[in-house]
Amino acid sequence: MGSKARCVQTFGRKRLAHQRCRVTAGRSDMVDKQKKIWLEGAQIDWDDARVHVLTHTLHYGMGAFEGIRAYLRTDGKTYIFRLKEHIDRLLDTCKLVMMKPSFSHAEISRACVETLLVNGMNEGYLRPMVYLGDGAMGVYAPDNPVRTVVMAWKWGAYLGQGSVENGVRAKISSWARHHIHVSLAKGKIMGQYTNSTLAKREAKMAGYDEAILMDVNGYVSEGSGENLFVVKKGKLYTPPLSASILAGVTRDTVLTLAREEGIAVAEEMITRDQLYLADEAFFTGTAAEMTPIREVDNRTIGEGTVGPLTKRLQARFFDVVKGSDASHPEWLTLVE
Ligand SMILES: Cc1ncc(COP(=O)(O)O)c(C=O)c1O
């Protein structure tokens, strides 16, 4: 039995089984231990960055987090991609959940830079988080300490090796995305990710790479951790921000680059049949970057290969994030 299968089968059992799962899997989403984690203003040893079991967010999922990538560009320097917009969204999420971190935008941004520096990382994935510490255990808990942490690790192709080059197989989930009157889709709130995890597990266990979630009205929403685009007759479509989607930074990047390339774009609702009949489709996300979708529910998308418009946008995207395209210096924060 492969490590993946063992992971699935031992999940939730005894500690020993779970530990075996951690050490055996050579999966692309496993975290590689670094030296330090920034916690409340100090760089502490990786192994000391622990939380108490009474940590409020651990129980109820209230809090904000981000995922940000830093790339080594062809000039030999490391830059964090769209750090400002990610920290803007972190603080927006804090506003949505009514939590005030003790650190400013500038301080959290600096913590991201320092976390890469102190760990000697010239590429990596940053995870800032604002969470509620222990104190009151009821859901109200207005006075529990609000803690801020920034960690970093190396993260390859999120949807698996070769996914960016060859595309992935996706499954429409039986789980709907949160209704906009039930949750706050524009917030990157920990607790909301139970929905993503359920959808992802369902898709993976059915043999697919990723889930696509519909909203409660049956319109295409997004992946479990990515926004979604389709191409039809040379035009690019993605659901609007008023849909139940996260306002992805990568989504915005791709829309901006597409407009610059003279590609027609439309932010409008997409139906399931429009998705099946797309000429091309792809996911966007900080972790997934630009990952083509070659199949949905066993229906081949286009030719089942990476389509020409996706290829063109991918080339521009990767040149902007880690190549030599310097057309958007405002998106790059030098790590120094
Ligand atoms: C649910 C969801 N949608 C979309 C995205 C893509 O957002 P971004 O491009 O800002 O990473 C993410 C990742 O953060 C996500 O978790």
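What is the handedness of the crossing of α8 and α10? The crossing is right-handed, where right-handed means that the near helix is turned clockwise from the far one by less than a right angle, and left-handed that it is turned anticlockwise. Before going further, please keep in mind that this is a predicted model, in which local features need pLDDT of at least 70 and side-chain atom pairs count only at pLDDT 80 or more, while totals for chains, interfaces and linings use all residues. Residues are numbered from 1 along each chain as its sequence is written, and side-chain values use heavy atoms, with hydrogens and water left out.

Let us stay with this pair of helices. Two packed helices are described by the angle between their axes and the distance between the axes. Helix α8 covers residues 249–260 and helix α10 covers residues 308–322; they pack at an angle of about 115°, and their axes are 10 Å apart. The names come from DSSP runs numbered from the N terminus, with helices being H or I runs of at least four residues and strands being E runs of at least two. The axes are lines fitted to C-alpha atoms, for helices over the stretch in contact, and the angles run from 0 to 180 degrees between N-to-C directions. α8 and α10 are therefore roughly perpendicular to each other, given that angles of 65 to 115 degrees count as roughly perpendicular, those under 35 as roughly parallel, those over 145 as roughly antiparallel and the rest as oblique.

Which residues of α8 and α10 make the contact? From α8 come Thr 250, Thr 253, Val 254, Leu 257, Ala 258 and Glu 260, and from α10 come Leu 313, Arg 316, Phe 317 and Val 320. Contact here means heavy atoms within 4.5 Å. Sorted by class, the contact of α8 with α10 has six nonpolar, two polar and two charged residues. In this sorting, Ala, Val, Leu, Ile, Met, Phe, Trp, Tyr, Cys and Pro count as nonpolar, Asp, Glu, Lys and Arg as charged, and the others, Gly among them, as polar.

The buried residues of α10 include Leu 313, Arg 316, Phe 317 and Val 320. Buried means under 20% relative accessible area, exposed over 50%, and partly exposed in between, with a 1.4 Å probe and protein chains only. The 15 residues of α10 should span 21 Å at 1.5 Å a residue, and its end C-alpha atoms are 21 Å apart, which agrees. The expected span is 1.5 Å times one less than the number of residues.

In the loop between β16 (299–300) and α10 you will find Gly 302. Gly 302 counts as partly exposed, at 37% relative accessibility. Leaving aside neighbours within four places in sequence, Gly 302 is in contact with Ala 278 and Asp 279. Its C-alpha atom is separated by 5.6 Å from that of Glu 280, 22 residues apart along the chain.

The contact is made by Leu 83, Lys 84, Ile 87, Asp 88, Leu 90 and Leu 91 of α4, together with His 105, Ile 108, Ser 109 and Cys 112 of α5. Among the buried residues of α5 are Ile 108, Ser 109 and Cys 112. After α5 comes Gly 120, with a positive phi near 60°.

Most residues other than glycine have a negative phi. Lys 233, though not a glycine, has a positive phi of about 50°, and so does Asp 297, also at about 50° and also not a glycine. Lys 233 sits in the loop between β11 (227–232) and β12 (235–238) and counts as exposed at 73% relative accessibility. Asp 297 sits in the loop between β15 (289–296) and β16 and counts as buried at 13%.

Finally, turn to strand β1 (residues 36–39), where Ile 37 is found. Ile 37 counts as buried at 6% relative accessibility. Not counting residues up to four places away in sequence, Ile 37 touches several residues, including Trp 46, Val 149 and Met 151. Val 31, in the loop between α2 (15–24) and β1, touches Trp 46 and Trp 153 by that same rule. Val 31 is partly exposed, with a relative accessible area of 45%.
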